[in-house]
Amino acid sequence: MRKILAFASKEIYTTFRDRNLMLLMFATPLVLSTIIGLAFGGIGDSELPDFADIPVAVVNLDEGVDLQEVIILPDQFANLDALPFDPDDLARVFNQAGIGPDQLVQDGAPLNFGDQLAAILLSQPVEGAGTTATQGFDLTEIGCSLLEESEAAGAASLAAGGNLDDLLDATAVDNADQARAAVDNGEFAAAVIIPPGFSRRIMPQFAFDEDLRIRTQVPDEDGAVEVYANNGQPISVRILHSVVAGVVNQFVRVSVALGATLETSVNSLAASIGRGEINLAAVDLSAPAAALQDLDATALEPLGCLITPGANNITVAHPPLEAIQEAPRFARTIVPIGASQAVFFALFTGVFGIQSLYEERKYWTLQRLIVSPTPKVFLLIGKLLGNLVTVFLQILILLAALTLVASVVIGEPTFIWGANTAAIVVVTLALALCVSGLGVFVVGLAKTPEQVNLFGPMINITLAVVGGSFGFALPEQAARFSLIYWGVDAFTQLANAQTDITVNLLALFAQGIVLFLLGAWLFKRRIDL
Amino acid sequence: MQTMVETRNLRKTYSRADGSTIEAVKGVDLEIRQGEIFSLLGPNGAGKTTTISMISGLVTPTEGDATIGGFSITTQSMEAKRLMGFVPQEIALYPELSARQNLAFFGRMYGLGGKTLSRRVDELLDFVDLADRQKDRIDTFSGGMKRRVNLAAGLLNSPPLIYMDEPTVGIDPQSRRRILDTVKTLRDEQGMTVLYTTHLMEEAEELSDRVGIMDHGEIIAMGTQDELTQQVGEEDRLEITTGAQNVGEALIERMQQEIAGVTRVLYNPPEQIGDNGSESTPARLTVFAKRGRTALPQIIQTLDAAGIDIQSVEVLEPDLEAVFLALTGRALRD
């Protein structure tokens, strides 16, 4: 282990002692990012171009869902008979009481997340998540602790959070093809197309098994929101993408929490009936809807709160939007640009750091090491570890330097990468693994240093083009093939106070590990003289 | 005396891109005794470096094996490598690191650390007389100083055996002298076994207890210098450079038969060199003769009579060059 660390330390030391390398690793990306950032992000309050009023078409095709159809209560125990109720046999309770979705949620309980997303993007007042409250039974009479307070506060926060006037110039368009054509014509920077199955996808059916545990059934149809982008405005599109992702992520949380609350509520309701707290004898089974009105409101409280818009603890919050709006223009600009430049230049460190093995062989230091009583695998691990740490430090230092630049330009200390330092470090580590893994793979694959010199930059530039480092973006489906996309997207999300970077991390770590292992296997041949 | 290095049928074959193979070393058998300087002498491309690379574990033999202090280099490589130091022909140092940093790094790769490493580095810097330059980067050193640090790096683990692959290539006479003296010191004062490769006969003659002469991947002769020179007898060697006139077979035959004491005559005609063949090397006539100085007047007279211009004449006592010439028909420098 000491030999591995000694070799890795030597790698890092010699890299950071090389002035030419320092210029390539740090000065170049820093200067480039600053120039581009100043060109697009402006200096302070100057009138340079800003990312305000991004023209966006919003197409809302969402058909919504009916909550009544979403909640499927147990109905598979039809033959159970007499009272008293066994509290553990909750299905019997439900069956005997004749309670089903019809009674819990009245017909015509639409829920349309697409409307909400469109309203937020269009800076219109946001309607409630559901409009069913007054039908069936009056939820305002239910003692939902959050109801009154949240109705007012929730509406206010939704209105404030949904106002994206400063950032977006959104227009509602009825037809998706028309919107795409308008983007192609340059009329819009992007189109946000909300598909018919958007709400159904977010709010899957909730059914219960025999133990009253919830089973969610996600529909097969595609409910993903499409951000159709104009390739000429990658930064605008990235910002818009970030806004949409932030809102949709909040909607998804509604679904998850709804499932959990439903399960609790149904169990609580059934237990109350079982304990006799609800007098079923007084229930007229021929008129279940009326009977439901007589049920103890306390038992229904969780459900009532749940389906009342703004009245539950799963409100649609908008920290991402606020973060984006509040961040200075230069900061908003330098984050994606700086991150992409940092990763792009780190790619060169990854390849050429590993390629230095050829230098070691040329100057016979590798031979001297092989003749020492050091297993070759230690040399391999030391080399890879040294490269990994170098790339990690390079990206981290560049992020710090870019923060410094941004603070100077903005005129006050500004940490542009968001407050989640741990996540920033993890993303950097994932990127370093990926970048270093790619370096090992490229060098391992090439037969000669000349091939590395040729193919290394070619691969790096291709990844940069695909990943959007050069100021224009390819379709997202293509961009996903570049590790730069995943890294920049993660940094942008973190800068916008979003934390849902799991997919990014998975993509980076998976690529990194595969490339590292594959590259190490190929690379081992290079040590065999 | 105990055996430090032993090789048996050591063979290395390389494959060419066209599918053919080239046999760089053709079954070398060696035995090097503890505390001796053993030189592998041979022209460039003779297979010396490949042989030393196999013995040091740098290159895997195609066939055969070598043992270092009884440990097989193929099956007990770590144990064998602990017994050896390595001084390659190239300056195997990191130019961007100082002399001290280089020695400390390679010392760690030999398992040294802490005060032991620091003390050993100090000793070696003193030994190669570079203590005052220890903090300077290697790329600021002269060729001779680099060679000395290169040598020091091979001594870090105080090995009982050290390989030196042409360690005096490309340095000034003063530095060369210093390194040769150091090699002798290692044997005489530290009892170290030295395996030394060179293409310079003078170095082999000065340093070696025993010499192995290599050519075309084979050991063609091995022994002490006396043993080797006896192989060519008591003959002197007369090196005569001549003009462009061709020395024919008939003339060579006549010299061998008619001049008393002459046993053998070799002729190397002039060779065209330079980009366009615009220049040529002088023709060279090598005459082996008992009592060469006595035979010299008659040799000159015969060549003169045949119309051959004589540019220079040199009479040489029997040496390793003569051995090589006698065994291969070529000079070492060829």
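B:Val5 stands opposite B:Ile68 in strand 4 of chain B. Here strands (E, at least two residues) and helices (H or I, at least four residues) are DSSP runs, numbered from the N terminus. The structure is a predicted model, in which local features need pLDDT of at least 70 and side-chain atom pairs count only at pLDDT 80 or more, whereas totals for chains, interfaces and linings use all residues. Residues are numbered from 1 along each chain as its sequence is written, while chains are lettered from A and ligands numbered from 1 in the order in which they are written.

Strand 4 (residues 63–68) of chain B pairs with strand 1 (residues 3–15) of chain B in the antiparallel sense, over five bridges; two strands pair if DSSP finds at least two bridges between them. Strand 4 of chain B is also paired with strand 5 (residues 71–72) of chain B, again antiparallel, over two bridges. Within this second pairing, B:Ser72 in strand 5 is the bridge partner of B:Thr67. Strands 4 and 5 of chain B form a hairpin with two residues between the strands, where B:Gly69 takes a positive phi near 55°.

## A second hairpin in chain B

Which strand of chain B pairs with strand 9 (residues 210–215)? The partner is strand 10 (residues 218–223) of chain B, joined in the antiparallel sense over five bridges. B:Met214 has B:Ile219 in strand 10 of chain B as its bridge partner. These two strands form a hairpin with two residues between them, and B:His216 in the turn has a positive phi of about 50°.

## The sheet of chain A

Strands of a sheet pair through backbone hydrogen bonds, either parallel or antiparallel. In chain A, four strands form an open sheet of mixed pairing in the order 5-1-6-9. Strand 5 (168–172) and strand 9 (226–229) of chain A are the edge strands, each pairing on one side only. From one strand to the next, the twist averages 25°.

Strand 1 (residues 54–60) and strand 5 of chain A run parallel and are joined by five bridges. A:Ala57 stands opposite A:Thr171 in strand 5 of chain A. Helix 6 (residues 113–121) of chain A lies across strand 1, strand 5 and strand 6 (190–194) of chain A, at about 160° to strand 1. Helix 8 (residues 176–184) of chain A packs on the sheet and touches strands 1, 6 and 9 of chain A, its direction making about 165° with that of strand 6. Axes are lines fitted to C-alpha atoms, for helices over the stretch in contact, and angles run from 0 to 180 degrees between N-to-C directions.

## Two packed helices of chain A

Helix 18 (residues 449–467) and helix 20 (residues 483–495) of chain A pack at an angle of about 50°, with axes 7 Å apart. These helices of chain A are therefore oblique to each other; angles under 35 degrees count as roughly parallel, over 145 as roughly antiparallel, 65 to 115 as roughly perpendicular and the rest as oblique. The contact is made by A:Leu463, A:Ala464 and A:Gly467 of helix 18 and by A:Leu483, A:Ile484, A:Tyr485 and A:Val488 of helix 20. Residues are in contact if their C-beta atoms, placed from the backbone, lie within 7 Å.

## Where the chains meet

Chain B has 23 residues in contact with 19 residues of chain A. On the side of chain B that touches chain A, helix 2 (77–82) and helix 3 (99–109) of chain B each supply at least two residues. The largest share, four residues, comes from helix 3 of chain B.

Technical notes. Contact = placed C-beta atoms within 7 Å.
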